[in-house]
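I am opening a notebook on this structure.

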Amino acid sequence: MSECRIAVMGAAGRMGRELVRTVTAAEGCRVVGGIEQAGSKAVGQDIGLLAGLGEMGVKITSDPLELIARCDAILDFTVPAATIEFAGLAANARIVHVIGTTGLEEKHEAAIKAAARHATIIKSGNMSLGVNLLVALTRKVAEALDEDFDIEVLEMHHRHKVDAPSGTALMLGEAAAKGRKIALKERSVRVRDGQTGARRRGDIGFATLRGGNVVGEHTVLFAADGELIELTHRATDRGIFARGAVKAAQWGHGKGPGLFAMSDVLGL
C-alpha cells in the first residue's frame, strides 16, 4: 500500500493536535496539512509546533479545497456544519473521510450518505476499539434480555463538550434498540424532570453528566427486579480515538466509495 497522505480538520484543537501526533507516529502515514477556520490565530502556523512535535514545515490553512486536492484522507472531529462541507469536498476528490464529529442531525446524515457515493466515508460516534466492542456487547445483551430489564445509558464528559447525549451514548442506545427490535427515536427518554410518572416498560433512558476534564465514560445498565447488569467503558486518554481514526484512514485508503463504520474497520 502506498503512503497515506493525511490532513487534519480542526488541527489546532485538542483532538486535532492529538491526531497530528498520532499520524506522525503511524507507519505509512504522513501529515500533509491541517485546517482551521478563517480568522483563527493558528492559520499560517506550523502544524508540528502546535502539536508539540517541533517544526514540520507544514502550515495550517483555512482553504479546505486546496488541501483536500492533495491528500488521500482527512480526519474530521469538528462540528456538523464543517463536516458536511468537508464531506462534499471529499466526494469531489474521491478520497477517504474519517468522521468522528458528534451532534449530527438527520439532515447531516443524509448529506453524508450522499457524499459516500463518491467518497470513502468511515463514520463513528466513537473510534475506540473498546467502545465498539461495548456497542456489540450491548446489542447482544439487549437481544438476550426481555423488557423485564430496563435499559439506561449513562455518560460523562469534560465540561467543554457541547452536545448531549454524546455520540457514543447514542451509538449504545441504537445498539440496545436494535437488540430489542425497536426504534430508538420512538422509545428514548432524554430528559426527566418533575412529576414524570412511572418508567414506561421498554423505554431506553439516557443520563448526561458534565464536569472536569473527563475524557469519556459510558455505562449501559440493564436493571430488573433483584439484579443489575452494568457494561462500562472508561477512556482516560483521547489518544485511543486518534489511533482508531488513523487505523480507519489506513483501512479506507484505496478501498473505494461507500459509507462504513468502525465495526467494518475492526471486522466486528
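In which sense do strand 6 and strand 12 pair, and over how many bridges? I found that they pair in the parallel sense, over three bridges. I note that this is a predicted model, where local features need pLDDT of at least 70, side-chain atom pairs count only at pLDDT 80 or more, and totals for chains, interfaces and linings use all residues. Residues are numbered from 1 along each chain as its sequence is written, and side-chain values use heavy atoms, with hydrogens and water left out.

Terms: strands (E, at least two residues) and helices (H or I, at least four) are DSSP runs numbered from the N terminus; two strands pair if DSSP finds at least two bridges between them.

Sheet: I looked up the strand order and got 3-2-1-4-5-6-12, an open sheet of seven strands with parallel pairing. Strand 3 (60–61) and strand 12 (258–260) stand at the edges with a single partner strand each, so one side of each has no neighbour in the sheet.

Strands 1 and 4: I found strand 1 (residues 4–9) paired with strand 4 (residues 73–76) in the parallel sense over four bridges. Ala-7 has Ile-74 of strand 4 as its bridge partner.

I traced Val-96 to its bridge partner Thr-120 in strand 6. Between strand 5 and strand 6 the chain passes through helix 5 (residues 106–115), in a right-handed β-α-β crossover (clockwise from the first strand over the helix to the second, with the strands pointing away from the viewer). Thr-120 also stands opposite Gly-258 in strand 12.
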